[in-house]
Amino acid sequence: MVDLALAAPVAPQARWIAALKRGGARLWLGAALVGVLALVALLAPLIAPHHPLEQDLMSAQLPPAWVTGGEAAYWLGTDSLGRCVLSRLIYSARTAVAVALIAASLAAAIGIALGLIAGSFGGWVDQAISRLIDVWMAFPPVLLSIVLAAVIGAGLTSVIAAIVVVDWTRFARVVRAETMVQLKRDYAAAARVIGLSRGGLLRLEILPNLVPLVVTLLSVEMGIAILVEVILSFVGISVAGDVPTWGGMIAEGRQIVYQAPWIMALPIGCIIASVIGFNLLGDGLRIVLDPVQRQ
Amino acid sequence: MRWGEVVRRLLLIPPTLFGVAVIVFVLLRVVPGDPIAMMIPPGASPEDILRLRVFYGLDQPMLQQFVTWLGQALTGDFGRSISVHRSVFALVLARLPATLELALLATLIAIVLGLIIAMIGIHLRGRRAEWVVDGGVGVLLAIPDFLWALILLLLFGVLIPLLPISGRIDPQLDVTFRSNFYLLESLLTGRFDVANALLHHMILPSLALALPFAALVARILKTSLAEAEDQDYAQIARARGFSRPKILLSEVFPNALIPTVALGGVQVTLLLGGTVLVERIFSYEGIGNMAIDAVINRDFPLIQGLVLTFAVLFIALNLVVDLVVTLLDPRLRHG
Amino acid sequence: MTTVLSVQGLQVAIGKGAHAANVLRGVSLDLQPGEVRGLVGESGAGKSMLGRAVLGLLPANAAITAGTITFAGRDLLAVPERERRGLLGRHIALIPQDPMTSLNPVKRVGHQIALLLRHHLALSKRDARERAAELLTGVAIREPRRVLDLYPHEISGGMRQRVLIAMAFACDPALVIADEPTTALDVTVQRQVLQLVERLRQRHGSAVLFITHDLGVVAKLCRTMTVLHAGRVLEEGETAEVLARPRHPYTRALLAATPRADRPAEALRPVPPALIESLWSEAFRLDRLAVAGRP
């Protein structure tokens, strides 16, 4: 039985270890999945058995190696042009990670900037930005990104632009709300009293408190970026035909889904694993970094 | 939400739609991509191209085009589709019922499924098996509707060929419809064989749309149920001798429903937006599918009409959801 | 005469294993039919826990580790669930503390009362409504039929508490546990509430366990009282006796700390737990019981 007296204060290192433990299975599973994805993307040239664009028309539409008719040289089979599915999957991971990182960061930058401005200035600035967000969100996101990519033309830049244009509002809304809440708190008033400028206030006080929120959103956003790329590929307006992407593989696979279902199925599996990984990681990080729970 | 609020919301609709229209209009014309170039046959003479351009008013300055279009739109004339050569209004009207039926079916499935999962989840509250429900819901949520569409297509269309994977109805079926609400009409006229055939085509796309939404409903509802169950009035009900199932159903559920509808209702518009891809994947003839073609063909009038249609539906849905929340929560009614 | 409620050596612990802490440490209490007993102590003394234990409403992390609770001869801890639920609300009732949160906000007042009546007394809808109106008249609510159709947020806090009192006495209970029912109310309303409780108690002949930290309330309403501190019974007996001639130093300190009109109150000097442990002894308790005239 415990004495109800106060316990001794906990050392900072122990606090972080406890926080990591709180993240639990979600954090580790998410980190593992994302880690594998990052590794594959990074080491693509080293681990892919073939070049992703290398065609072998004699070996077109081969099933995976363990199915009758498959060959050991092509572990996961080949597509209509005889290209190695496994290699294409690996190189597609590269594209996916690149797109995810750039697009998510840009969307975050724009969204956070606008959210901070709206939240801290208030008044008509806030009204204007909020109305902009409302109208923006009245667009069906899929349609907006398709329209955008269609008019800009195919290519990686249009994919990234589409993601950023569609989803910056996600960051803006959340950051705006959080900024307003933080500014109302006592510590902000105290900081103003000691003469901190608005910019200084934002930088020193508010931003650090936004970090857990933003980190989580970033992780989720990367998952979304991967999905948007898939959507655009599926509609035929993603990167140029030679660059392998999961979405492109699915689109091709859809055409021959009765003859060679694995071409569509395998990229879907990769996408699911990646998205779940990003979601879990975001969830886990949120729990670990939450300042309230850190007490 | 009192009547003043309702009127204010209704009054905000035209300006919002106006804003949407302006953005689409400008976007389409400012960036490269020429609809005429998309539809002319090779070898056409420059005079033909010019004639077409004039016919569609694309030679005018942008402001002029917008004013013309706005004037016509206010009388119900949304122009002619460049790629299909029919009135945009007629085209949209012809395909809208298909999408509405699909979305409605999906919403129904999602609500029922979400309810069941939430109930199971709250029943298992505090026990170890609870994480199975939470984990399952997490997976359902992480996978978006179009991925579900592809997965379901693979599983139940190709690998286990149970269901058709394209179209709205079997072309060989001997039936003529008066309206475009095929399912509704066949049910109302008692032609259950036709309804059955229609449902065969609709079940996979509806399920794809429904699953993520069902997961969302389940998560919000379960969380709300748990929160409400911890409130004083629910605890006191236990002190009065009511059993837990009875308390959950009659005391807690009406309270939990409010945040569920409020938070989940907002996301119904996502379900509607999802029809774009899901219809495409299943070659289902609704406005979502049509939208993709319109975009690929740079069919300006059609794109504008479709975007406005979606915007109207979104706004209407949000309004309905807010009204329902007001109905459910007596505290909101009296202000 | 058969005791209505008999609590013997009740031990309740919060938490598990090494982190467990005892909230009630061997509490014993007997209530005769019609007896009005005040249960006093500081916040955290365990008084609410005792009430909750009797009602079977302990929080998820708390558990009864020893002792018995007997109601009208039936062991509440051993009785089948169904029978226990039949007793609760009907023969054992609760007047809760916070009128603002104790009523379901989305159901009309009449509906909530009727639900209780129909559940325990199997009344028809119309009879239940009639009876509900009568009950409201019994707690001095004017225009009972109008109030029946109102939602809780449409009536005042004092009126809500009266509704809760009405619901407690609705099924003619033998035991009513009042968990600090006046704490959340204005002083002016408190008096009305106390009068109501006394009146209804007399009418129904119920025994009342009145949990409160307010000695003034105990003095007015309760013929007997029990002083609880840190999970133990320190003193008990006739109220007049205990208040006039307190025997335990803690009780004396408690009285001295009570605000009075004629002299400034002393701050309650914290008595070290170790001291209380050593002062508490079987002999002490037996001594006073002999004085009170019980075996």
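The model is predicted, so to speak from the outset: local features need pLDDT of at least 70, side-chain atom pairs count only at pLDDT 80 or more, and totals for chains, interfaces and linings use all residues. Residues are numbered from 1 along each chain as its sequence is written, while chains are lettered from A and ligands numbered from 1 in the order in which they are written.

Chain A has 11 helices and zero strands, where helices (H or I, at least four residues) and strands (E, at least two) are DSSP runs numbered from the N terminus. Take the contacts in chain A between residues at least 6 apart in sequence, and 71% of them join residues at least 24 apart; a contact here is a pair of residues whose C-beta atoms, placed from the backbone, lie within 7 Å.

Where chain A meets chain B, 28 residues from chain A and 32 residues from chain B take part. On the chain A side, helix 5 (141-152), helix 8 (198-234) and helix 10 (262-289) each supply at least two residues. That side holds 26 nonpolar residues, two polar and no charged, with Ala, Val, Leu, Ile, Met, Phe, Trp, Tyr, Cys and Pro counted as nonpolar, Asp, Glu, Lys and Arg as charged, and the others, Gly among them, as polar.

Chain B also touches chain C, with 19 residues of chain B in contact with 23 residues of chain C. Helix 2 (81-87) and helix 3 (109-121) of chain C are the elements giving two or more residues to the chain C side, and helix 3 has the largest share, three residues. The chain C side splits into 11 nonpolar, eight polar and four charged residues.

Within chain C, strand 3 (residues 36-40) is mostly covered, five of its five residues being buried. Val36(C), Gly38(C) and Val40(C) lie on one side and Arg37(C) and Leu39(C) on the other. Strand 3 pairs in the parallel sense with strand 8 (residues 207-212) over five bridges and with strand 9 (residues 224-229) over four bridges; pairing takes at least two DSSP bridges. Val40(C) has Thr212(C) as its bridge partner in strand 8 and stands opposite Val227(C) in strand 9.

Terms used
Contact = placed C-beta atoms within 7 Å. Buried ≥ 20, exposed ≤ 12 C-beta atoms within 10 Å, placed from the backbone.
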